[in-house]
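Morning, everyone. I have one structure to walk you through today. Let me put it up.

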Amino acid sequence: MNKETNWVLEFNNINLKIGNNEILKNVSFKIEKGSNTFIMGPSGSGKTTILKIAAGLIFPTNGNIKILNKDISNIKDLYEVRKKIGFVFQYSALIDYLTVLDNILLPLKIRNKSDFKKNYKTYIEKAKEILEKLDLKGVEKYYPNSLSGGMQKRVAFARAIISNPEIIFYDEPTSGLDPVTAKSIDNIIININKNFNITNIIVSHDVNSALNVSDYIIFIYKGEIIFKGNINDLKNLLYNSSLTIPPILKDFFYSIIKT
Ligand SMILES: Nc1ncnc2c1ncn2[C@@H]1O[C@H](COP(=O)(O)OP(=O)(O)O)[C@@H](O)[C@H]1O
Ligand SMILES: [Mg+2]
């Protein structure tokens with residue numbers, strides 16, 4: 001029997017032009033529900049721009065985007081869909097003067113003040129439960145500055161999870177972390193996918209993370225997609241010398257090419 005694929009995000013022929021600068025050129029891809037999908041590429045290639053477009057923060061020059069089967073050019077649908085998406089920004093973006101607990105509860109408080117007041121106790125319990133699942137038991141009273149970089153990242157993850165999203169977007173979740181901490185973040189991202197049933201869309205240039213976590217990779221270079229597939233597809237391409245391979249792919253993934 002043919003299992004019907006569920007797509008949570010579709011970019012169809014997306015172009016973005018700012019001034020004379022073509023930031024994205026005919027970008028098309030689909031992301032499967034339940035997957036860990038990596039959007040990779042060197043700095044300046046358009047990765048964060050893709051996230052901003054998916055968040056409805058920037059509108060493309062042309063093309064269309066579907067999130068959870070809704071066309072987000074319809075503002076009402078965009079608004080509905082946004083509630084089902086979590087974001088983890090680069091550099092964690094925690095608020096220094098709020099405790100870990102207050103940082104995590106902030107999205108719920110902003111979203112609906114009276115609901116927040118009514119369910120305050122339940123939400124605290126939920127925040128504690130999430131912290132425990134992310135190996136952060138007991139840190140709710142701390143301030144972000146007193147935590148390590150890796151712990152701050154995980155608090156940012158907890159803040160994204162608290163609203164029960166179906167999708168979480170991460171922008172460079174392992175950049176600036178040492179390799180051991182980066183590996184622990186990879187494991188947490190896998191844990192979020194499995195235990196919270198969330199589709200993870202991860203913007204990254206971290207090849208090790210992609211090896212650890214990715215089900216699927218979309219590689220973008222100078223605003224164009226030049227590879228889509230899983231790690232095995234990528235390895236087949238890199239090892240198959242009879243094919244013409246874009247040099248940037250070889251340079252980027254040199255660490256996984258057999259010598
Ligand atoms: N608001 C903007 N106005 C003009 N150019 C921009 C703007 N935002 C990003 N860019 C350009 O778009 C390209 C892609 O940027 P970005 O998506 O941030 O890349 P990445 O996240 O892959 O490093 C870069 O060349 C950047 O200079
Ligand atoms: Mg970026």
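Start at Lys66, which stands opposite Asp71 in strand 5. Strand 5 covers residues 70-71. Helices and strands here are DSSP runs, H or I of at least four residues for helices and E of at least two for strands, numbered from the N terminus.

A word on the source. This is a predicted model: local features need pLDDT of at least 70, side-chain atom pairs count only at pLDDT 80 or more, and totals for chains, interfaces and linings use all residues. Residues are numbered from 1 along each chain as its sequence is written, chains are lettered from A, and ligands are numbered from 1 in the order in which they are written.

Two bridges join strand 4 to strand 5, and the two run antiparallel. Two strands count as paired if DSSP finds at least two bridges between them. Strands 4 and 5 make a hairpin with two residues between them. Leu68 sits in the turn, with a positive phi of about 50 degrees. Strand 4, residues 62-67, also has five bridges to strand 1, residues 7-18, again antiparallel. There, Asn12 has Asn64 as its bridge partner.

Now the whole chain. We have 10 helices and 10 strands. The C-alpha atoms fill a box of roughly 60 × 50 × 45 Å along the principal axes. As for burial, 35% of the 259 residues count as buried. Buried means 20 or more other C-beta atoms within 10 Å of the residue's own; exposed means 12 or fewer, partly exposed is in between, and C-beta atoms are placed from the backbone.

Six strands, order 6-7-8-3-9-10, mixed pairing. The edges are strand 6 (85-88) and strand 10 (224-229), each pairing on one side only. Neighbouring strands are turned by 15 degrees against each other on average, direction ignored. Strand 9, residues 216-221, runs antiparallel to strand 10, with five bridges. One pair to look at: Ile218 and Lys228. Helix 7, residues 179-195, lies across strands 3, 7 and 8, at about 155 degrees to strand 8. Angles run from 0 to 180 degrees between N-to-C directions, with axes fitted to C-alpha atoms, for helices over the stretch in contact. Contact means C-beta atoms, placed from the backbone, within 7 Å.

Helix 1 is mostly covered: six of its eight residues are buried.

Last, Gly41. Gly41 belongs to the loop between strand 3 (36-40) and helix 1 (47-54). Why does Gly41 count as buried? Because 27 other C-beta atoms lie within 10 Å. Beyond four places in sequence, Gly41 is in contact with Lys47, His205, Phe219, Ile220 and Tyr221. Val207 is 166 residues away from Gly41 in sequence, yet 9.9 Å away in space, C-alpha to C-alpha.

Conventions: Two residues are in contact if their C-beta atoms, placed from the backbone, lie within 7 Å.
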